[in-house]
Amino acid sequence: MHTKDLSVDADKVAQAREMCLSRLRMVPRERREAVADSILALAEPEWWEQRQKGADVFLLILELRKAKVMQIMQEASK
């Protein structure tokens, strides 16, 4: 993988993470970072390669892993 590819991937991850964090209002502030990391970990590695934007990866996670995302959020909100 080229250095340029790594920076694009970092940008995608940062964009997805920011979008995820903005939707975690029900999760206590001190847990949001860890919850966002857990949610983004649900993505398949090829999703990052196949999608142009991190937001697309995040939306795909929500669509295909909805039950697991909800479980993570509920556990963090306790």
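This is a predicted model: local features need pLDDT of at least 70, side-chain atom pairs count only at pLDDT 80 or more; totals for chains, interfaces and linings use all residues.
Some ground rules. Local features need pLDDT of at least 70, side-chain atom pairs count only at pLDDT 80 or more, and totals for chains, interfaces and linings use all residues. Residues are numbered from 1 along each chain as its sequence is written, and side-chain values use heavy atoms, with hydrogens and water left out.

Salt bridges, then. The rule is a side-chain nitrogen of Lys or Arg within 4 Å of a carboxyl oxygen of Asp or Glu. The count comes to 3.

Start at Arg17. Arg17 pairs with Glu33, closest N and O atoms 2.6 Å apart. That pair links helix α1 (residues 3–22) to helix α2, 16 residues apart. Arg17 also bridges to Asp37, at 2.9 Å. Here the two residues are 20 apart, again α1 to α2.

Next, Arg65 and Glu44. Their closest N and O atoms are 2.5 Å apart. Arg65 lies in the loop between α4 and α5 and Glu44 in the loop between α2 and α3 (45–50), so the pair ties together parts 21 residues apart in sequence.

Now Arg32, in helix α2. Arg32 is buried (under 20% relative accessible area; exposed is over 50%, partly exposed in between; 1.4 Å probe, protein chains only). Yet Arg32 has no salt bridge: Glu30, the nearest side chain of opposite charge, is 7.6 Å away. What lies 2.9 Å from a polar atom of the Arg32 side chain? The backbone oxygen of Val27.

Last, α5. Its buried residues are Val69, Ile72, Met73 and Ala76. They pack against α2 (32–40) and α4 (54–64).

Note on methods. Helices (H or I, at least four residues) and strands (E, at least two) are DSSP runs, numbered from the N terminus. Contact means heavy atoms within 4.5 Å. Lys and Arg count as positive and Asp and Glu as negative; His and the chain ends are not counted. A polar contact is a pair of N or O atoms within 3.5 Å; within protein, one must be able to donate a hydrogen and the other to accept it, and residues adjacent in sequence count only if both atoms are side-chain atoms.
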